[in-house]
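Here is a short report on one protein model. Look at the sequence and the fold first, then read on.

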Amino acid sequence: MNCLIFIKKNPEKNVSCLESDDSCEVSFKDACVYESKQTVNGKVPSENGVRERRTTLPVPMFSRNDFSVWGFLKKCIGMELSKITMPIVFNEPLSFLQRITEYMEHTYLIHKACTLSDSIERMQLVAAFAVSAVASQWDRTGKPFNPLLGETFELTRDEEGYHMISEQVSHHPPISAFYSESLNQDFSFHGSIYPKLKFWGKSVEAEPKGTMTLELSKHREAYTWTNPMCCVHNVILGKLWIEQYGTVEIVNHSTGDKCVLNFKPCGMFGKELHRVEGHIQDKSKKKHQVIYGKWTECVYSIEPKVYEVNKKAEKKSGEDSKKHKQEQSTVGDDADEMPDVQETVTMIPGSTLLWRVAPRPPHSTQMYNFTNFAMTLNELEPGTIGVIAPTDCRLRPDIRAMENGDIDTASQEKERLEEKQRVARRERAKDEEEWSTRWFQQGNNRYTGAADWIYKGGYFDRRYSDLPDIY
Ligand SMILES: CC(C)CCC[C@@H](C)[C@H]1CC[C@H]2[C@@H]3CC=C4C[C@@H](O)CC[C@]4(C)[C@H]3CC[C@]12C
């Protein structure tokens with residue numbers, strides 16, 4: 001049985017200790033179905049024969065206000081977070097395989113890159129894609145479900161011209177491999193993610209180990225990079241918020257061009273919060289373009305000279321007001337508060353807009369801060385059952401129950417699935433049998449030589465033989 005102990009923050013409220021078998025007293029009094037007719041990427045999809053995707057989850061989320069992560073996490077300081085079973089209220093109703101699929105939300109940037117004949121221009125769009133890929137992480141502090149070994153997720157987007165398959169290829173350490181390709185063979189985008197999580201007391205740090213590879217067939221080009229670090233602040237006290245930081249180096253292996261992007265840490269006074277800045281250079285290290293913006297908002301490119309001139313001018317005028325600001329700002333002692341001074345990106349005259357984030361729907365705040373894209377991921381479209389593999393995470397009963405607001409069933413089912421996985425592992429150990437992955441195999445990245453997971457092919461032929469029974 002799954003015993004979940006929470007510290008009660010508000011003694012008036014009626015939930016202090018929840019066991020998965022207890023009936024839950026918190027009801028969805030706010031439950032309502034959102035039926036707003038929204039356009040997705042500017043289209044009304046039902047016209048011209050394309051099926052309309054859902055724009056909302058079945059019910060709003062369970063309030064987390066009465067639970068403290070600390071009550072649970074204090075026992076886990078220094079542990080690998082992936083080995084800890086978190087209480088389900090901190091989850092979001094998606095599998096990690098679905099969450100990393102969100103890298104694909106702005107695939108139109110790759111399609112556009114394919115049409116450009118200049119390699120520096122292509123790099124600009126690849127850079128925009130790499131930044132846009134992590135945009136949906138903003139404010140997403142729910143923990144996705146750990147995929148079961150052998151779990152898969154298929155994302156087919158005919159209207160966007162691509163499909164994708166991912167598989168959980170290792171349980172300890174958790175590794176998810178993915179492969180996507182355009183339906184007209186213009187590109188493939190693939191890689192693996194091993195999220196190395198560390199609990200640091202006030203924050204959880206996630207290092208997404210693994211290489212991203214983008215191949216543009218027409219241009220005979222391959223680009224590789226690794227994603228920035230991700231930090232979830234205030235897991236003990238205060239409001240949870242997400243920061244992504246570190247250097248991301250995108251290499252074009254055919255031309256030797258590079259794009260070096262610096263995802264800036266928030267800094268003392270929050271001025272750098274979510275900022276990304278970098279440049280594109282060719283193989284002789286000549287600077288061609290500066291890239292700037294925020295991963296939560298937009299990305300521009302501009303000529304380096306114009307950028308420098310502007311920066312100098314800004315620095316000069318900024319110096320006087322800086323002192324004043326420092327005196328004013330108060331930094332919280334207990335919590336790493338997210339700075340509330342959140343300026344939007346100022347466009348420098350002469351810049352080209354490469355990408356801008358789509359606004360989240362108004363009901364997003366009651367739905368795990370999902371984007372429109374995320375809302376659609378766990379939808380079981382009519383006609384997909386029997387087509388998608390039986391290991392597809394849309395068929396996971398615990399995630400489905402959570403999505404429907406049935407948190408007790410979700411918790412019980414999660415426990416059952418994890419136990420089933422443990423039993424299967426023990427059986428294999430007894431027979432000295434090795435787990436074999438179905439759609440990917442271990443290998444080295446062709447371009448970087450780093451350890452990677454290579455797609456074996458064949459998923460979309462839909463001959464699903466030898467699949468494990470994981471649900
Ligand atoms: C204490 C509780 C609430 C912890 C919740 C931790 C959650 C928010 C953490 C755990 C694992 C993290 C993920 C690990 C790896 C990646 C890949 C990276 O390219 C984008 C961010 C992303 C997808 C992280 C997002 C935040 C994440 C989902």
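## Salt bridges

Glu419 is partly exposed, with a relative accessible area of 32%. Buried means under 20% relative accessible area, exposed means over 50%, and partly exposed falls in between (1.4 Å probe, protein chains only). The side chain of Glu419 meets that of Arg426 in a salt bridge, at 3.8 Å from N to O. A salt bridge here is a side-chain nitrogen of Lys or Arg within 4 Å of a carboxyl oxygen of Asp or Glu. By this rule the count comes to 28 salt bridges.

Another salt bridge joins the side chains of Lys311 and Glu277 (3.0 Å, N to O). Lys311 lies in helix α5 (residues 304–328) and Glu277 in strand β15 (residues 275–281), so this pair ties together parts that are 34 residues apart in sequence. Lys311 is partly exposed, with a relative accessible area of 32%. Salt bridges with shared partners join Lys264, Lys271, Glu272, Arg275, Glu277, Lys311 and Glu343 into one network.

Arg54 and Glu403 also meet through their side chains in a salt bridge, 3.0 Å from N to O. This pair links distant parts of the chain, 349 residues apart: Arg54 is in the loop between β2 (17–19) and α1 (69–73), and Glu403 is in helix α7. Both Arg54 and Glu403 are buried.

## About the model

This is a predicted model: local features need pLDDT of at least 70, side-chain atom pairs count only at pLDDT 80 or more, and totals for chains, interfaces and linings use all residues. Residues are numbered from 1 along each chain as its sequence is written, and side-chain values use heavy atoms, with hydrogens and water left out.

## Helix α4 and the cores

Helix α4 covers residues 119–132. Helices (H or I, at least four residues) and strands (E, at least two) are DSSP runs, numbered from the N terminus. The 14 residues of α4 reach 20 Å from first C-alpha to last, close to the 20 Å expected at 1.5 Å a residue. That expected span is 1.5 Å times one less than the number of residues. Of the 14 residues in α4, 13 are buried. Asp118 caps the N-terminal end: a side-chain oxygen lies 3.2 Å from the backbone nitrogen of Ile120.

The largest nonpolar core has 83 residues. Such a core is a set of buried Ala, Val, Leu, Ile, Met, Phe, Trp, Tyr and Cys residues joined through side-chain atoms within 4.5 Å. The largest share of this core, nine residues, comes from α4. A second, separate core of 14 residues includes Ile388, Trp439, Tyr455 and Tyr464.

Where does Met212 lie? Met212 is in strand β10 (residues 212–216). Met212 is buried, with a relative accessible area of 1%. Beyond its neighbours within four places in sequence, its contacts (heavy atoms within 4.5 Å) include Tyr103, Phe178 and Trp225. Met212 and Phe178 are 34 residues apart along the chain, and their C-alpha atoms are separated by 9.6 Å.

Asp392 is found in the loop between α6 (372–377) and α7 (397–403). Asp392 is buried, with a relative accessible area of 0%.

## A hairpin

Strands β19 (residues 440–444) and β20 (residues 451–455) pair in the antiparallel sense over five bridges. Two strands pair if DSSP finds at least two bridges between them. The bridge partner of Asn444 in β20 is Ala451. The two strands form a hairpin with six residues between them, and Gly449 in the turn has a positive phi of about 80 degrees.

Note on methods: Polar contact = N/O pair within 3.5 Å; in protein donor to acceptor, adjacent residues only side chain to side chain.
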